[in-house]
Amino acid sequence: MKILILACLIMGFGISGVSAIPVEDPFPAISFKVINAFVTANFSSKISMATVLMVLFTLTDNPDLLNLHARQKHPKHQGEQRTHASGWIKSLARGVQSQLGQETKRLFPASQHYKNLGNDDRIIAIALKLDAFAEILGLTPYNNKGDFQAKLQPISYKEIQSVRTICPSSIVCEDMACDSRGLLQATKPRDVPIVTLIKGSTIYQGVHVLSGKCSKCDSLYYADHERFKGPQGFVKTYLNSAQYLKIGQSIWVDRIFSNAVISGMYSFHASASAYTEYWNHSFGNMHSQSKAWVTRRQIWQAFVQESIRSIASISNINLELKDQLSIDEVTVNAFSILGEKGLIRPAQGHACSECTQPYRNQPEFIPQQDPAATVGIDENQQVPGLESGSPVLAPQSYNSGDDMDVDMSDVEMDYAPVKMTTLVVVHFVQTIILLMVYTVVCMAAKAKRSTQQKHNYFSPSRFYCVETICAPCGVVIAWTKFDKAESPTNILQFLEDVYPTEESRPAYICIDKACLVLRTSIANKSWEMWSRTSRFIVDSYHYINHRTTDYLCRKWCNPAPLNGSAPNLVVVATDNNGQPYYQRAYNTQASEQLNSWVGGFESILRRMTPGNFNWFLHVMLVYHTRYVIDRQKQKARRNKVIEEEEEEEEEEEEEVM
């Protein structure tokens, strides 16, 4: 019985898969002579081919509407009236009129006096022309005797499908020494590849791929790359302007498809395997006559090819690599050249209202006396006071090995930022432990596995974590990997690498363990450099626990102190009732939010090779940064529209007064 039920389920799934493929009618088999005679008799002599084709495809693209219209032309019951200008066909006529605009007059010959007709008469006239054209094309479910045959099905365009080729976009050799020499067709007829092309979700079979060649320098030109001889062998140039990309031996895709791959992985935290399954089930067998199933390797190839060109275009270069590299070697070399050591190029020079604000010397509120109290947590609550003789202790949540006894008596720490500029800039540093669950086990097992042959995958035994720097608005500034630990020394070195000059450093740097970083900075004398421009503060989420035992953290790393010592970290806002309240000037949880988002890629990154890991994460962070910046621009445009509308309303009210 179980076997029978399983067989029925399998048959059911098979039937549903087949029924999902629509049945199509062939394209109208009508001679050009007949169409020419109809156009000459019913349309203006000045009508363009584009207009005729638009009317033709309007009819072939609406078989359901033509079925409804034809039924009203053939009444069967009492009370039904025969009409050639039904409401259905007149609705289609209105769409044609809207589409053509001023060119609608080309549908009328001079004898019909278009200018003298009212709009309703024009609609009826267009409807009758569409009805007559549909009859000539055979787009009707009834025969000449008025007998019903079968409903019209979607029309197949296979018979009029154009012959497509994939060839270089360059028309001359790009080498200056060749003086714009024309390109020769380099592929022999017997060797021309015949491939499958995917444009968006449409599949084209039997597409010819052609290549060009310069007769002087022998450089080869393809649709997606160029190949020339360099000092150390052949070099492959990945063209950012390519319209089509090769992702398999016999499969090419357009940039819409490849960009959709990256967007899908970014938006849904999807792996190459997951996206492959989605595309094959959604589009791979959509049409019975044109199927194209892609593999995981081909989807990964599409990701790499598209991301290389996208990242390279940001830097205004075309990536050049040694020819005949494997896909893993391509990602390694691409990150080496385009990765910029983890710096996110779209974020360079970024400034917005969420991460910058006018500098203030004085607080906008009445300060409390306790420097440990923070906005949004300790308002109207009793907070343990600080005693001048309190010892400098590290938070209990950190290992004792990280503790340092630091004498704070000789350290000058003016809590207001020293960076006296018109804007206060804040950047955050936050850890993203991608493999947090396995960190302790793998680090402990590292010594035991040292004698074993290691596989070639990124694993917790090799790197401890990924460290990122982001702005309060969510824009990612840079990222790196820490080998063994997220130590304060590593964090300070990372900050120095990203901000090598005083002019580039932000006023505040928010870190979950800022108190330890500050203590280490004072101990190794780097605080003398950082104190001239920046302050280290703890994010509000971690500060709640730090302040209970750590004097230094409570005194100097408060993210939003209520005692007025950091006027640029606390602002006064107004609620809906017009009542003022304290508000943190910056979103100190931006790094935690980024951490949560990147954590969605953990299962994908866990088994990647180091080269693929670096490139995939870098691409995702670049795309995320561009998305955040675009979202801010859209928000700014909406706010501008709202402000303009409010100004107009105020002006109207003043005029009324």
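**Helix packing, cores and a strand pair**

Helix α10, residues 327–338, and helix α19 have axes that come within 8 Å and cross at roughly 55°. This is a predicted model, so please hear every value as computed. In general, two packed helices are described by the angle between their axes and the distance between the axes. Angles from 65 to 115 degrees would count as roughly perpendicular and those under 35 as roughly parallel; α10 and α19 are therefore oblique to each other. As for handedness, α10 passes α19 in a left-handed crossing.

Which residues meet there? On the α10 side they are Asp328, Thr331, Val332, Ala334, Phe335 and Leu338. On the α19 side they are Gly611, Asn612, Asn614, Trp615 and His618.

Trp615 comes up again in the largest nonpolar core, which has 90 residues. Trp615 is one of the members that touch the most other members, along with Phe257, Phe303, Leu495, Phe536, Phe616 and Met620. Which helix gives the most to this core? That is α19, residues 610–656, with eleven residues. A second, separate core has 32 residues, including Ile47, Val55, Val96 and Ile126.

As background, nonpolar side chains in soluble globular proteins tend to be buried together.

Now the strands. Strand β3, residues 194–199, pairs with strand β4, residues 202–209, in the antiparallel sense over five bridges. Valine 195 has valine 207 in β4 as its bridge partner. The two strands form a hairpin with two residues between them, and in that turn glycine 200 has a positive phi of about 65°.

β3 has another pairing, with strand β10, residues 251–254. In which sense does that pair run, parallel or antiparallel? It is parallel, over three bridges. Here leucine 197 has tryptophan 252 in β10 as its bridge partner.

Last, the chain as a whole. There are 19 helices and 19 strands. The chain has 657 residues, of which 45% count as buried. Among contacts with a separation of 6 or more, 69% are between residues 24 or more positions apart.

Terms used
Residues are numbered from 1 along each chain as its sequence is written. This is a predicted model: local features need pLDDT of at least 70, side-chain atom pairs count only at pLDDT 80 or more; totals for chains, interfaces and linings use all residues. Side-chain values use heavy atoms; hydrogens and water are left out. Two strands pair if DSSP finds at least two bridges between them. Helices (H or I, at least four residues) and strands (E, at least two) are DSSP runs, numbered from the N terminus. A nonpolar core is a set of buried Ala, Val, Leu, Ile, Met, Phe, Trp, Tyr and Cys residues joined through side-chain atoms within 4.5 Å. Buried means under 20% relative accessible area, exposed over 50%, partly exposed in between (1.4 Å probe, protein chains only). Axes are lines fitted to C-alpha atoms, for helices over the stretch in contact, and angles run from 0 to 180 degrees between N-to-C directions. Angles under 35 degrees count as roughly parallel, over 145 as roughly antiparallel, 65 to 115 as roughly perpendicular and the rest as oblique. A crossing is left-handed if the near helix is turned anticlockwise from the far one by less than a right angle, and right-handed if clockwise. Contact means heavy atoms within 4.5 Å.
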